[in-house]
Amino acid sequence: MIAVLVVEDDPVAAEAHRAYVERVAGFTVAGVVHSGTETVRFCRAHPVDLVLLDFYLPDTHGLAVCRTLRAEGNTVDVIAVTSARDLGVVRAAVSAGVVQYLLKPFTFAALRDKLDSYARFRDAARPGEVDGQAEVDRMLATLRTTEHVALPKGMSGETLDAISAVLADAARERPSGEGDEGEGLSAAAVADAVGVARVTARRYLEYLADNGLARRKPHYGGVGRPEVRYTATSRKA
């Protein structure tokens with residue numbers, strides 16, 4: 001079994017990531033922590049094969065965690081699980097020893113593909129010598145998940161990203177004193193922001209909610225049935 005440490009400061013997202021890992025054969029969750037300090041401390045005290053590392057932690061950046069682990073001689077593998085899209089961050093992650101990079105929001109299928117690729121890499125990288133360059137290339141290629149995780153028929157990745165970005169922007173703009181759920185956005189508001197039909201926006205929002213990437217909440221603001229509003233599962237960009 002491959003022992004995984006889940007690092008995520010948002011409790012709801014952390015629980016979702018833990019549940020996702022435990023659904024993949026050959027993997028087990030060694031622990032769940034919520035800060036960089038806890039990550040380093042856990043890796044010192046427990047055997048861990050792989051860290052699912054959020055980059056935006058309350059006490060430090062995930063890249064600083066990677067560098068601390070390497071400075072201490074810890075060679076644990078790291079998969080970045082983050083919404084950081086800046087190419088400079090991606091390059092720094094590679095330099096810090098991150099083996100894979102998974103952008104939020106993501107589905108179970110996307111994480112499963114990353115973990116399956118990592119498992120194949122570990123199996124190919126057993127002790128011993130390679131026969132030649134071709135074997136090295138094949139081993140490194142196992143880390144690349146080239147197949148696109150299929151969305152339901154009629155849905156596009158571009159629209160999904162746009163709707164996810166609208167929810168994330170709304171989460172960032174909430175007043176600090178407002179609850180984690182906030183008021184959320186209706187399907188109509190999201191449709192106007194993205195430029196799609198309301199029924200289309202609702203379909204994508206329901207897909208995000210069904211995959212743990214958004215939360216549904218009834219909003220009682222008038223007469224009749226409550227309006228469903230949606231919020232991002234994490235306030236971070």
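The sulfur of Cys 66 is 9.9 Å from the closest cysteine sulfur, which belongs to Cys 43, and that is too far for a bond. A disulfide needs the two sulfur atoms within 2.5 Å. Cys 43 is therefore in no disulfide either, since its nearest cysteine sulfur, in Cys 66, is 9.9 Å away. The structure as a whole holds zero disulfides. Keep in mind that this is a predicted model.

Are these two cysteines buried or exposed? Cys 66 has a relative accessibility of 1%, so this residue counts as buried. Cys 43 is buried too, with a relative accessible area of 9%.

Now step back to the whole protein. The fold contains nine helices and eight strands. The protein has 237 residues, and 43% of them count as buried. Consider the contacts with a sequence separation of 6 or more. Of these, 64% join residues 24 or more positions apart.

Return to the cysteines and look at the helices around them. Helix H2 covers residues 36-45. Helix H3 covers residues 62-71. Their axes come within 10 Å and cross at roughly 25°. That angle is under 35 degrees, so H2 runs roughly parallel to H3. The crossing of H2 past H3 is right-handed.

Which residues of H2 and H3 meet? From H2 come Gly 36, Thr 39, Val 40 and Cys 43. From H3 come Val 65, Thr 68 and Leu 69. By class, the contact has four nonpolar residues, three polar ones and no charged ones.

Asp 77 is found in strand E4, which covers residues 77-82. Is Asp 77 buried or exposed? Its relative accessibility is 18%, and the cut-off for buried is under 20%, so Asp 77 counts as buried.

What does Asp 77 touch, leaving aside residues up to four places away in sequence? Its contacts are Asp 49, Leu 50, Val 51, Arg 70, Val 99 and Tyr 118. Two of the names in that list are charged residues, Asp 49 and Arg 70.

Helix H8 covers residues 187-194, and helix H9 covers residues 198-210. They pack at an angle of about 110°, with their axes 8 Å apart. Because angles of 65 to 115 degrees count as roughly perpendicular, H8 is roughly perpendicular to H9. On the H8 side, the contact is made by Ala 187, Ala 188, Val 190 and Ala 191. On the H9 side, Arg 198, Ala 201, Arg 202 and Leu 205 take part. By class, this contact has six nonpolar residues, no polar ones and two charged ones.

Ala 197 lies in the loop between H8 and H9. Its relative accessible area is 40%, so Ala 197 is partly exposed. Ala 197 and Ala 187 are ten residues apart in sequence. Their C-alpha atoms are 9.2 Å apart in space. Ala 187 is also among the H8 residues that contact H9.

Definitions and conventions:
Residues are numbered from 1 along each chain as its sequence is written. This is a predicted model: local features need pLDDT of at least 70, side-chain atom pairs count only at pLDDT 80 or more; totals for chains, interfaces and linings use all residues. Side-chain values use heavy atoms; hydrogens and water are left out. Buried means under 20% relative accessible area, exposed over 50%, partly exposed in between (1.4 Å probe, protein chains only). Axes are lines fitted to C-alpha atoms, for helices over the stretch in contact, and angles run from 0 to 180 degrees between N-to-C directions. Helices (H or I, at least four residues) and strands (E, at least two) are DSSP runs, numbered from the N terminus. Angles under 35 degrees count as roughly parallel, over 145 as roughly antiparallel, 65 to 115 as roughly perpendicular and the rest as oblique. A crossing is left-handed if the near helix is turned anticlockwise from the far one by less than a right angle, and right-handed if clockwise. Contact means heavy atoms within 4.5 Å.
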